[in-house]
Amino acid sequence: MTYKLPTDSRLQQPSFLFGVATASFQIEGARDSRLACIWDTFCATPDKIRDGSNGFVACDHLRLFREDVALIASLGVDAYRLSISWPRVMHADGSLNQQGVDFYIALLDELKAHNIKAFVTLYHWDLPQHLEDKGGWLSRETAYKFAEYADKISLALGDRVYSWATLNEPFCSGYLGYEVGIHAPGLKSKAYGRQASHHLLLAHGLAMPILRKNCPQALIGIVLNFTPAYPLTDSAADKRAAELADEYFNQWYIKPLFDKAYPDSFANLGEATPTILAGDFAIIAQPLDFLGINFYTRAVYQADAEADFQQVDLPDVVRTDIGWEIYPQAFTDLLVSLQQKYPLPPIYITENGCAAADILTNGEVADQMRLDYYQQHLLAVDQAIRQGVDVQGYFAWSLMDNFEWAEGYSKRFGIVYVDYTTQQRVIKQSGLAYRDFIQQRR
Ligand code: FCB
């Protein structure tokens, strides 16, 4: 069993990069000398995490990383996308925590020894709690702290890193964390959400030239997520609702990078208008070597008397175990539309994948839904490339089952199954198909 793509597909060429992705808090475990982060605090707050779990052990990757790199290598992938835990590598006084740094050096050296390119994200949501205590992303100062962290850690890790991404999904940090409160730190105000988002983008812009200076050989960029917005009907009102939702959830994070402005609906924020200083957009709109795109699903909207838009849950559609509709056409549409709107740099699909209620039986995980999902989404990427989008790589989310944020361990996204009681890893059928596809390509 393997994925099937047309023989003339760019995804068949050895230059197209295939990888697997994870993030620090979701897999590492082990507080050791790591400082507390906002997700530790959030997990310790009643009713925030569906299964009441936390990141103390997770996949125990801090201890099992050599085995995990061997596992990654056994899949035959070209690259591994990981993130660095800011509170593991920086002391509260802003100096490097050598014990934490040494872990990433060992991990990156292990990857290099297996000839696997490291795509490293600096911020995948685990803000040090001591910075949250001073206002977190609501404070402009946090953006400058991020730039200092980027400076020190990039110098320490140097050319072990093939690609740096500043942020993972500022939408999630800003909107989910500060506007609707379903992610850490759990704050709930539109004004907070918009301000946090602005400071996140500022942090990105401040870090970019530093990374470029410290690591001139590396590919440097940012990772954004998109949930394309579709109107429920063809009515002008529904179309307008979808457009406004698209501005608010998607374009908000990409437009400033290229156009030095927020979408037009920024003008309607009223009391939620964030403070933006003169020169901020010039800082944010740094040239990018690549744009990372994370895609999972789409959303459907209709007009609403009270709000700009109302999301609708369509009945009778196929959904993954986390409730996200499977709609691969949106992936192609998204890539093509971004290409039309912005002067995009090369694109890497930095996340794409499917949650399923996997069961390990006789040493196997038959995850047919995930197999179908990957097959359809790889074809969707192929379609976008044929329509002129410069996609150069694709990462499956995730290497292995892990701590799925507010869902705890209840949702499995891995192409490798994790038995959390024994920490045993078992490659699922979707993962074996990934391995076989990559291998036949060579
Ligand atoms: C993305 C996150 C990633 C994972 C997937 C399912 O939004 O970047 O950490 O949780 O969703």
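## A salt bridge across the chain

Let's start with Arg50 and Glu407, whose side chains meet in a salt bridge with an N to O distance of 2.5 Å. The term stands for a side-chain nitrogen of Lys or Arg within 4 Å of a carboxyl oxygen of Asp or Glu. This pair links distant parts of the chain, 357 residues apart: Arg50 is in the loop between α2 (38–43) and α3 (61–75), and Glu407 is in the loop between β11 (391–397) and β12 (416–419). Those labels follow DSSP runs numbered from the N terminus, with helices (H or I) of at least four residues and strands (E) of at least two. Across the whole structure, a search finds 26 salt bridges.

## About the model

This is a predicted model, in which local features need pLDDT of at least 70 and side-chain atom pairs count only at pLDDT 80 or more, while totals for chains, interfaces and linings use all residues. Residues are numbered from 1 along each chain as its sequence is written, and side-chain values use heavy atoms, leaving out hydrogens and water.

## Around the ligand

Which distance separates a polar side-chain atom of Glu404 from an oxygen atom of the ligand? That distance is 2.7 Å. The side chain of Trp405 has an N or O atom 2.9 Å from a ligand oxygen, and for the side chain of Asn168 the corresponding value is 3.0 Å. Taken alone, the ligand exposes 290 Å², and the protein buries 95% of that (areas from the Shrake-Rupley method with a 1.4 Å probe).

One joins Ala184 and Pro185, with omega about 5 degrees, and Pro185 is in the loop between α8 (170–178) and α9 (190–214). Another runs from Trp397 to Ser398, with omega near 10 degrees; Ser398 is in the loop between β11 and β12.

Look at Asn115 too: its phi is near 65 degrees, a positive value in a residue other than glycine. Asn115 is in the loop between α5 (98–113) and β3 (117–123).

Notes
Polar contact = N/O pair within 3.5 Å; in protein donor to acceptor, adjacent residues only side chain to side chain.
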